[in-house]
Amino acid sequence: MQINMLDLKRELENLGEEIYSAIGKTFEDTLFINGPRVREFENKAAQYLGVKHAIGVANGTDAIFLALLAAGVKPGDEVITTANTFFATVESTVRIGAVPVFADIDENTLNLDPARIEENITEKTRAIIPVHLFGLPCKMDEFTEIASKHDLAVIEDCAQAFGAEYNAKKTGSFGTAATFSFYPTKNLGGYGDGGLVATNNDKVAENVRMLKEHGSSKRYYHDLIGVNSRLDDIQAAVLSVKLKYLDDFNARRRRFAQRYRTRLAGVVSFQEDASGHIYHQFTVRTTNRQKVIDALTEAGIASAIFYPIPCHLQKSVQELGFPAPKLEITEKVASEVLSLPIHQYLTEDEVDTVSEVVIRALR
Ligand SMILES: *Cc1c(COP(=O)(O)O)cnc(C)c1O
């Protein structure tokens, strides 16, 4: 038996007909860019998230870049974020010419530690990017309080958290703006690249709409220097179908996570749980990681390390010559984390099989 990190073949067995039909209709419309499917998905996404504006863009990396630009982040500004994230969070900051300032994470949540923000604020700080890592919402009230006290923008990186909730509100509705990715492995994944910027701020929304469309709101009139970064209608059609099932997908992931937590209690340590955690990844920690990986591989079970090298230790970032922070918790965690298979089409039996292999490896 092979157990994968994600199994989209099983998705096609379940939703294939509906997805093929939605794609077919888009083909018949022959409107592939800025067409009705994108508008329809943007409206549904805004309603689902409880935000005023949702703007489709080409991918989650562009979403962060555009949200930072639209919120007024300029070259030389400092942006405080976590090094325990996918590299895109940092890349977007550097692409603007802004300086990423890395604060350490909370060992229980694995998210940016709100208690480490203020010590990193200088007169150049313009924004904070909390990342809801693995689908666990950051403690947003603490971030928004610090941000309003110091007049900073908050850009939530929700690439792993579509549908996650904090204080009964969706992640992506707290910050100045929020960014999402529809990379196929995400909880709401397209069948190609895609992304979204969500915001309640009219000015930020207007800026993103212009910036992603060559800086123009009227064709061939370019008021800003922008980029070409659009969600396409085929992706939007797929995403509209999958959005209907997202709460069910996320509830299934939560159920599998609870089962892992019961089976593996006392064997490995866990990321903090929360009722709004949607388990984009189920990540455990052990000081015997390689033993577990070898046993899983032997049994035909996939696993992955998110992330083996924290952003501040990446070659490209070190070569920029910014002051190198010592992030003790981030560095320790990077040597211990291991993500086990979790997705909406997993089965209870598979969770048990994976758990047994992990327990045997560590006995
Ligand atoms: C996936 C991801 C991104 C980038 O999204 P793309 O659509 O792949 O560009 C950004 N941040 C985080 C935390 C991610 O997981």
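Helix H3, helix H4 and strand S8 (177–181) each supply at least two residues of the lining of the largest pocket, where helices (H or I, at least four residues) and strands (E, at least two) are DSSP runs numbered from the N terminus. The model is a predicted one, in which local features need pLDDT of at least 70 and side-chain atom pairs count only at pLDDT 80 or more, while totals for chains, interfaces and linings use all residues. Residues are numbered from 1 along each chain as its sequence is written, and side-chain values use heavy atoms, with hydrogens and water left out.

**The pocket and its ligand**

The largest pocket has a volume of about 480 Å³, and of the 28 residues that line this pocket, Phe86, Tyr183, Thr185, Lys186 and Tyr307 are the closest to its centre. On a 1 Å grid over the protein atoms alone, a pocket is an open set of points with protein on both sides within 12 Å along at least five of seven lines, a cavity is a set where a 1.4 Å probe fits but cannot get out, and lining residues have an atom within 4 Å of a point. Grid points are joined across faces, edges and corners, and a volume is the space filled by probe spheres set on the points. H3 gives the most to the lining of the pocket, with three residues.

The ligand sits in this largest pocket, meaning that more than half of its atoms lie within 2 Å of the grid points. Helix H3 (60–70) and helix H4 (88–96) are the elements that give two or more residues to the shell around the ligand. Of the 15 residues around the ligand, Gly60, Thr61, Asp157, Ser181 and Lys186 come nearest, a residue being near if one of its heavy atoms lies within 4 Å. Among the polar contacts (pairs of N or O atoms within 3.5 Å) are those in the table.

| Residue and its atom | Ligand atom | Distance |
|---|---|---|
| Gly60, polar backbone atom | oxygen | 2.7 Å |
| Asp157, N or O side-chain atom | nitrogen | 2.8 Å |
| Gln160, polar side-chain atom | oxygen | 2.9 Å |

The protein covers 92% of the 380 Å² of accessible area that the ligand has on its own, as computed by the Shrake-Rupley method with a 1.4 Å probe.

**The cavity**

By the cavity rule the count comes to one cavity of 30 Å³ or more, and about 30 Å³ of space lies in the largest cavity. This cavity is lined by Leu6, Leu8, Glu11, Pro184, Lys186, Asn187, Lys242, Arg253 and Gln344, with helix H1 (8–29) and helix H7 (233–263) each supplying at least two residues of the lining.

**Two backbone details**

Most residues other than glycine have a negative phi, and most peptide bonds are trans. Phe306 and Tyr307, however, are joined by a cis peptide bond with omega of about 5°, and Tyr307 is found in the loop between helix H8 (289–298) and helix H9 (315–320). Thr30, which is placed in the loop between H1 and helix H2 (36–49), has a positive phi near 50°.

Definitions and conventions: A polar contact is a pair of N or O atoms within 3.5 Å; within protein, one must be able to donate a hydrogen and the other to accept it, and residues adjacent in sequence count only if both atoms are side-chain atoms.
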